[in-house]
Every structure is written in structure tokens, then in C-alpha cells.
Amino acid sequence: MTCTFFLCDRICAGCNYEIGHGRFLSCMGAVWHPECFRCHACNQPIADYEFSMSGNYPYHKTCYKEHYHPKCDVCQHFIPTNASGLIEYRAHPFWAQKYCPFHEHDGTPRCCSCERMEPRETSYAALNDGRKLCLECLDSSIMDTSECQPLYRDIQAFYESINMKVEQIIPLLLVERQALNEAMDGERNGHYHMPETRGLCLSEEQTISTVLRRPKMGMGSRVPDMRTEPYKLTRRCEVTAILILYGLPRLLTGSILAHEMMHAWLRLQGYRTLSQDVEEGICQVLAHMWLRTQISLISGKNTPSSSSATSSRQEKRSPFDKKLAEFFKHQIESDMSPVYGNGFRAGNQAVLKYGLPSTLEHIRLTGSFPF
Ligand SMILES: [Zn+2]
Ligand SMILES: [Zn+2]
Ligand SMILES: [Zn+2]
Ligand SMILES: [Zn+2]
Ligand SMILES: [Zn+2]
């Protein structure tokens, strides 16, 4: 009797009915009909001896792995465990792209613009000078000097809108990496530069190899018919030209251009030679300011652009463009270098506190940021 009573009292934790006399499972501190003990992921009964637990739910071991074991965004495999049995992966701080640590050494290309690693199943576009570009960055990339002119007018309008109009006509040329490095060597007053220089404000008379013809883009292959032409710079003022690396997305090209324009502005206004952190810092502040105007423009605040001569690209802004603008802004803010990073943070703080005109006036008089 007691025995029968005991059996009748057994309730399946899955369906809440009596177990009865059939087979049953005893696990997780309860009893179950075999068909009631189900995987929280696929909802099929778990007949295996071993199963996985997460948050008080049972899983098939394979289902658990599928759901909780991180997969590499580059090779699509499960990220392997390291020598201590832990899953160790790298993740991009902004994009949250996670990948096996060894991809950092196995030649996996990164996009030269957004830094994301090339996933195995997609193929990035290869630029003539060895750089690779992801397809989303490629989508808004500016490929040659003439294509960049509408953006140049945007940047000029931006400077005008903050009462810093650059009156002089400075040629803007898009160049390959090699040409940029050569031009940098040709400058007498070598400025401090980032490991990968993407823009340059020139003062010397040089002959620059400029990208003039839009290359036909072969997906994932090298660009076949890239044209460059020599361009002889002549000195009309303190600044002979602004050079920018070709092939970068509009938003990155624009922020580099805003930075280089500030170098030009300082020289044309007769500022003394500034310490590197002050000079690069204030140039980064202007690049950052321009990116902020672009973010609010993309966010659809519907502020009509001040210049009517804006590029046609402006109309087809994608959600990715906003993310990209935020990434470039984040890059400026989180730059750890003493010149660009600390320079930007000091400059930005000064501008927030005193405004741009007073900060510039202080720099002109003292060569340093106001505190
Ligand atoms: Zn049941
Ligand atoms: Zn399952
Ligand atoms: Zn991997
Ligand atoms: Zn990219
Ligand atoms: Zn600079």
C-alpha cells in the first residue's frame, strides 16, 4: 500500500502528471517521463547519459555547444580551447567581431578602413597598393581625385560655417600609399605621423603621382587598370597641396580631410610651429567635429546641408554609414598615442570649456591649450 501510494505520488517535473509504472528518469533533483525530459534548445527528448545545463535548463551536449560555445567570425568554427581548457578569443573593441587568436598571425587581412578581419566566406576588395577594403567600406569609397571634389567642397563649407574659411585654393589630390610616403619624405619639416599615414598637408613644391582615373573594381582581386598621373605642385601660398589616401569611405576621407585642412588653416593663418601634440590634437578636434555633424545628419535630424553642392552619396546613407562614422569618432577618442590621442583629449577639453575661437587664440598666443 505504502509502496503504491509512493509510486502514485511521483509526479513528472515536465508534464506534472504521475509517473505511473513505466520507465522514468531521475535527474536535476526530480523525476521525469523519458519523453518529458527535453532539451531547452531543440525541444527534443534527451536520451543521452550526459547532458549540459545552463540556467537550470537541460540541453543536449551538441545543442549546448551550438548555442553557447562561441564561433569564430572569421573561420566560422568553434573557437578552440587553449592549453588551460578555456575558450580564449579576441574581439574587436568596437565591432565586437570575435575570432580565434591565431588569425592575428595567419595572414587574415583586415579592412584598412574599419579594421574588421576578412571572414573566410567573403572576399575583401584589394586596392592596388596592397590594402584591403571590406565590401561595406568599399560601398562608399572615394576612388579618385575628381570623385573627391564634392566632399572637398563639403569640408570647405564646414570650415566656412565655423568662421574659419580657407580663402586660398589648395589642390586636393588622392594618391596611393607609396606616393603618400614619398611625398612625406620630400617635406623639409617632417611632421610626426601615425604608423599608417592617410593624409598629408604639403608645403614643398613636389611632383605627386595622383590617382586620376577611377579603377574598375574587381571583387576580391587586384584592381586591374589603376591610373596615376604626375601632378606638379607650385607654391602659391604656405600650403602646396593636401594629399589623401585613395579608396577610403567618404566618412573617413572626410575626417582625414578635415584634419589636414586644419594643418593648412594653421599655416595660412601664420601660426608658429606648434608642439606636435597641440598641432595634431587640434587637427583631430576638427576631424571629430566634422564626424559629429555627419552623425547628426545621418541620424535624420533633417538639417538641410548648408552647401547645395554636396555629393550625390549623401542621399543614400545607410545604417552602416552611421556605425562607421561612430567608429571613426571612437578611434579618435580612444587613440592611445601621446601625440594624436592625448593631443585630441586635451584639445577637446579646452574647446568644450572655452569654445573653439578662444582655444585657437590661446594657441596662437602661447602655443599651448588653455587649461
Ligand atoms: Zn511527464
Ligand atoms: Zn537539443
Ligand atoms: Zn577562427
Ligand atoms: Zn571596412
Ligand atoms: Zn596631422
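Analyst: A salt bridge here is a side-chain nitrogen of Lys or Arg within 4 Å of a carboxyl oxygen of Asp or Glu. This is a predicted model, in which local features need pLDDT of at least 70, side-chain atom pairs count only at pLDDT 80 or more, and totals for chains, interfaces and linings use all residues. Side-chain values use heavy atoms, without hydrogens and water, and residues are numbered from 1 along each chain as its sequence is written.

By this rule there are 14 salt bridges. One of them pairs Lys61 with Glu50, with the closest N and O atoms 3.2 Å apart. Lys61 sits in helix 2 (residues 61-68), and Glu50 in the loop between strand 2 (30-32) and strand 3 (52-54), so the contact ties together parts 11 residues apart in sequence. Helices (H or I, at least four residues) and strands (E, at least two) are DSSP runs, numbered from the N terminus. Lys61 is partly exposed at 44% relative accessibility. Glu50 is exposed at 51%. The classes are buried (under 20% relative accessible area), exposed (over 50%) and partly exposed in between, using a 1.4 Å probe and protein chains only.

Lys132 and Glu118 form another salt bridge, the closest N and O atoms being 3.8 Å apart. This pair links distant parts of the chain: Lys132 belongs to strand 8 (residues 132-133), Glu118 to the loop between strand 6 (98-99) and strand 7 (125-126), 14 residues apart. Lys132 is partly exposed at 23%, whereas Glu118 is buried at 11%.

Lys165 bridges to Glu167, with 3.9 Å between the closest N and O atoms. Lys165 is partly exposed at 39%; Glu167 is exposed at 60%. Elsewhere, shared partners join Glu88, Arg90, Glu104 and Arg110 into one salt-bridge network.

Now the enclosed strand. In strand 13 (residues 241-245), 5 of the 5 residues are buried, so the rest of the structure largely encloses this strand. In a regular strand, side chains alternate between the two faces of the sheet. Ala241, Leu243 and Leu245 point one way from strand 13, Ile242 and Ile244 the other, and all are buried.

Strand 13 also has pairing partners; two strands pair if DSSP finds at least two bridges between them. Strand 9 (residues 172-175) pairs with strand 13 in the parallel sense over 4 bridges. There, Leu173 has Leu243 as its bridge partner. Strand 10 (residues 199-202) runs antiparallel to strand 13, joined by 4 bridges. Leu202 stands opposite Ala241 of strand 13.

Note on methods: Chains are lettered from A and ligands numbered from 1 in the order in which they are written.
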